[in-house]
Amino acid sequence: PCSLAASYLASRDEFSTMTSLSKRTRAYLFIKHQIILGELAPGEALDERDLSDRLETSQTPVKQALDQLANEGFVRVFPRKGRVVVELSSLEARHLLEARLINEQASVAFCTQRRDGLLLQKLQRNIQQLIGFNPKTSRSDFIENDLEFHKIVAEGSQNKFIVSIISHINERLAYRFFEGKDLQRVKRVSLEQHNRIFDAISKGDISQAKKAMIVHLASSGALY
């Protein structure tokens with residue numbers, strides 16, 4: 001995917017073709033993507049020169065991108081150590097999970113109420129992609145698929161603020177959620193629960209959709 005709405009899911013090669021975007025935006029999206037997938041690991045120092053070389057640009061847009069990511073909580077600045085990828089504390093993770101629980105319930109309720117054929121097709125396509133993934137060999141694809149599922153539901157709410165909040169929360173949690181987990185088990189549980197959420201949405205059952213989402217998020221939290 002190369003659209004700006006789903007740009008954090010784009011690959012390094014795709015970013016090089018996104019010529020309509022500014023150098024700062026391309027740097028921001030690329031670095032954010034690397035952090036979300038754990039390619040830039042929590043606690044890792046960020047070298048502006050190395051990142052600018054990888055992006056084939058000057059250090060100025062990279063610095064601007066890192067400043068923006070620091071404002072969003074993905075990067076932290078330490079004296080003498082420079083910029084470092086943020087490591088979520090247990091308290092921060094709990095706060096994000098609580099915020100996720102509240103917002104995802106609203107998201108799936110509005111999504112169910114406002115669903116249409118295109119939305120259901122997108123969810124079905126996402127679930128079919130998940131079935132075909134081998135988490136052992138396509139870890140990044142698996143993470144992206146999970147992020148996309150929840151983003152499709154949020155977009156189905158037709159509320160731009162819900163989309164923004166949920167995207168930010170899930171991006172912050174993504175790497176921590178999948179780090180060191182049995183991804184075969186996570187895939188099995190996610191597939192079952194995503195299907196239940198989809199079934200409730202497709203039937204227009206708001207109550208069941210919310211219940212299915214709560215169960216899904218509760219199990220996600222338990223996997224921490």
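Helices (DSSP runs of H or I, at least four residues) are numbered from the N terminus. This is a predicted model, in which local features need pLDDT of at least 70, side-chain atom pairs count only at pLDDT 80 or more, and totals for chains, interfaces and linings use all residues. Residues are numbered from 1 along each chain as its sequence is written, and side-chain values use heavy atoms, with hydrogens and water left out.

On a 1 Å grid over the protein atoms alone, a cavity is a set of points where a 1.4 Å probe fits but cannot get out, and lining residues have an atom within 4 Å of a point. A volume is the space filled by probe spheres set on the points, which are joined across faces, edges and corners. Searching the whole structure turns up one cavity of 30 Å³ or more. The largest cavity has a volume of about 130 Å³. Its lining has 13 residues, and nearest the centre lie Arg100, Asp146, Asn170, Phe177 and Phe178. Two or more lining residues come from each of α7 (139–156), α8 and α10 (206–222). Helix α8 has the largest share, five residues. By class, this lining has six nonpolar, five polar and two charged residues; here Ala, Val, Leu, Ile, Met, Phe, Trp, Tyr, Cys and Pro count as nonpolar, Asp, Glu, Lys and Arg as charged, and the others, Gly among them, as polar.

**An open pocket**

A pocket is an open set of points with protein on both sides within 12 Å along at least five of seven lines. The second largest pocket has a volume of about 210 Å³. Of its 14 lining residues, Pro42, Val86, Leu88, Arg172 and Tyr175 are the closest to the centre. Helices α2 (23–36) and α8 (160–178) are the elements that give two or more residues to this lining, and α8 gives the most, with four. The lining of this pocket divides into eight nonpolar, one polar and five charged residues.

**Helices that meet**

Axes are lines fitted to C-alpha atoms, for helices over the stretch in contact, and angles run from 0 to 180 degrees between N-to-C directions. A crossing is left-handed if the near helix is turned anticlockwise from the far one by less than a right angle, and right-handed if clockwise.

| Pair | Axes come within | Crossing angle |
|---|---|---|
| α3 and α4 | 9 Å | roughly 115° |
| α7 and α8 | 10 Å | roughly 155° |
| α6 and α7 | 10 Å | roughly 165° |

With its angle, α3 is roughly perpendicular to α4, a term for 65 to 115 degrees. Their crossing is right-handed. In contact (heavy atoms within 4.5 Å), Glu48, Arg49, Leu51, Ser52 and Leu55 of α3 meet Gln59, Val62, Lys63 and Leu66 of α4.

Helix α7 is roughly antiparallel to α8, a term for angles over 145 degrees. This crossing is right-handed as well. Among the residues that make the contact are Asp146 of α7 and Asn170, Tyr175 and Phe178 of α8. The contact of α7 with α8 has 10 nonpolar, three polar and five charged residues.

Helix α6 is also roughly antiparallel to α7, but these two helices pass in a left-handed crossing. Their contact includes Leu119 and Leu123 of α6, with Phe142 and Phe149 of α7.

Note on methods:
Angles under 35 degrees count as roughly parallel, over 145 as roughly antiparallel, 65 to 115 as roughly perpendicular and the rest as oblique.
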